[in-house]
Structure formats: structure tokens, C-alpha cells
Amino acid sequence: MRIEPQISGMGRRGVLLPVVIFCTLFAGTALFNISSGSPEIPLQELGGIIFQRTGSDLQRTVIWEMRIPRVLLGLLAGMMLGAAGALMQAVMNNRLAGPELLGVSSGASLAMAAVTVLHLPVAVLMHPAVALFGGLSGGLCVVLSARGSRGAAGMLLIGMSVSAVLNGLLIVLIALATSNDVNLLYTYLLGSLANRSWDHILPMLPWTFIILPVAFAFTRTLNMLQLGDEAAAGLGVKVLRVRILVLGVCTGLVAITVAQCGPIGYIALIAPHIIRTLLGIVDIRRMLPLAVLAGGVLLVMADTVARLLFYPMEIPVGVWTTLLGGSVFLLLFLKRQGGGSND
């Protein structure tokens, strides 16, 4: 227990300034996103449409039923992914860990694809539960397969193998699908916030208010895990039990985003790295809330680029995050010469 203050002291800097910066970035990006497109709405009219219900019916409908829900959904989904990435990297004690590499995203995607291709009679409200089941199954395969392996690096490699198998099964499902199903799956599996409404936000709210606070409950234990498995075990931490519990929380965070937006990759990987790189924060108790905020802002910014860069044509946001995140992952992997280092 005496070692925890040592971790807390690493990179101690104020968190108020980054919070202000992230909030400013979000506000600026959200205003630009909401006001841009067709119809384009001047900023001086935007406030009246939002707060006083002025403007034409078309403007109010576009703002309130399309653009604001899309921005809010991006914020919520990004926050969930940012939290999942920070938790996974801490519990695996490996900064290359993420839901994309541990079977969680692949499992959730496979479950949702099975519902679509096999036309399973599952109500829309139950889709998050289906994605949760798929994500838990994928994550459980990794945890069970990794029992007896040497540390978090072994679990990470096994996770990559399980993800490859699940992605292979996903391709099999796509091969069996009809042309209409393939079109639906194509849009969904790329990960997108297009054509989302309040109906996609409301199912996320209970998960946000329940699972995110649960995630913060593990921060003290995760700080001890960052000292290494043996040191953490010496401090009384049940390492495997904690990994399974945190993996379950991460799966819940990722599954709901996959159910509503499709698999949006690498936000979970990048958000914690931004906090660590820019602020030097290692203490998970201080890093987690900032990673949550960074994830939300990142996804909103990425979706703004996806929607407006080639407007009126739109490239799904999942493509942009994969291009950016894949490049960042490669750089980090090369920098650490194998990815097994914890530093």
C-alpha cells in the first residue's frame, strides 16, 4: 500500500487545464459540426434554433433530430471507449492493449452480425445485450486460453489470435449473407455515427451511468497492478480475479458502443496515450477521467472529419480511426521493439 503514493507522484501536473482544453475543443468541434452541411446554419442563428426554437421546420429538424444526437452519441461512445482503453492498458500492464486486440470488439461484432445474417428474432432493445454476450464470450475465450500463460504479454498475444479467429468467423457469416444483409453489415462493420438518432442515445445512458462509475472503483487496485504482477500479488491483489473483473467492465463499455455504432477502432488505444504523452500522468485515478474526456472529444472530432471532409460524400468514422490508430499502434510497437515493454 505504501507504493501507491509513489505511483501517484509520477508526472504530477494539474488536471484543470487539460479539462478546460478538452471542453473547449469539444465545444468548438460540436458547433462546427452542427452548423455545417446542408442546410448550413450561421452561428448567430444556431443559438436561437437550439434554445428558442426559432428558424424553419427544416432547420429545427436537422439540428435536433440529426446533428445534435450524432454529436452526443459520438461523445458518449468515445467516453466509453476511452475508459475501456485506460482500464485495459492498466490491467494488462501493457500500453498496447485495447478491446480490438483482446477479442472483445470482434466478439461483439460477430454476435451482431449473426443476428443480422441469420435473421434471429431479437428486439432492437436487446441488441446491446447481444453485443455484450458476444464481447464477453470473446473476452472469456482470451482469459481462459491465457490461464497459465506468462503474464499480460501472453494474454495480449492470445487475444490477438482469438480476435483473428472471430474475424474469420465473421467473414464466413458475410459469405453466407444475402446481398441486402451484406449491405447492412458493410455499413455497420465499418463503424459509423451516420443516421443515428435519439433512439440510439437513450439505450446508452443507463450503461453510461452504471458502468462508468464501476470502472472508477477499480482505479486503486489498477495502480498496484502497474507495479507488476508479483508486486501486486505481494500487496494482496488477486491478479487473475482483478483481470477478469476489469475485462468484464471493459466488455460492457465496448459492447454498448458496438451495438449502437459498430466497431469503432483505436479510440480506446489512442485516448490514454494522449494523456500519458502530453501530461505525463501515470496514476490511473487521475488518468482515467482525462482518458474518458479525451476519448469523447477524439471521436467527435474524427466524426466531424468523416462527415465534412469530402462532403456531401461521407466516409465512416471507423475508417478514419482505424487509419489513424493503426499508424499510432505501429509507431508505438516499433518504439517498444516488440510491444512487451511496460514503459
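**Exercise 1.** Find the residues nearest the centre of the largest pocket, and say how many residues line it.

*Solution.* Start at the centre: Met112, Thr116, His127, Tyr188 and Ala259 lie nearest to it. Then count the whole lining, which has 23 residues. (A pocket is an open set of 1 Å grid points where a 1.4 Å probe fits, with protein on both sides within 12 Å along at least five of seven lines; lining residues have an atom within 4 Å of a point.) The model is predicted: local features need pLDDT of at least 70, side-chain atom pairs need 80 or more, and lining totals use all residues. Numbering runs from 1 along each chain, and side-chain values use heavy atoms, without hydrogens or water.

**Exercise 2.** Trace the lining of the largest pocket to its helices, then sort the lining by class.

*Solution.* Look for helices (DSSP runs of H or I, at least four residues). Helix 5 (104–117), helix 8 (179–190), helix 9 (198–201) and helix 13 (239–261) each supply at least two lining residues. Helix 8 gives the most, with 5. Now sort: 12 lining residues are nonpolar, 8 polar and 3 charged. The volume of this pocket is about 570 Å³.

**Exercise 3.** Describe the second largest pocket by volume, lining and helices.

*Solution.* Begin with its volume, about 380 Å³. Next, take the lining: of 16 residues, Glu100, Pro263, Gly265, Tyr266 and Thr322 are closest to the centre. Two or more lining residues come from each of helix 5, helix 7 (151–176), helix 8 and helix 16 (317–335). Finish with the classes of the lining of the second largest pocket: 8 nonpolar, 7 polar and 1 charged.

How values were computed
Grid points are joined across faces, edges and corners, and a volume is the space filled by probe spheres set on the points. Ala, Val, Leu, Ile, Met, Phe, Trp, Tyr, Cys and Pro count as nonpolar, Asp, Glu, Lys and Arg as charged, and the others, Gly among them, as polar.
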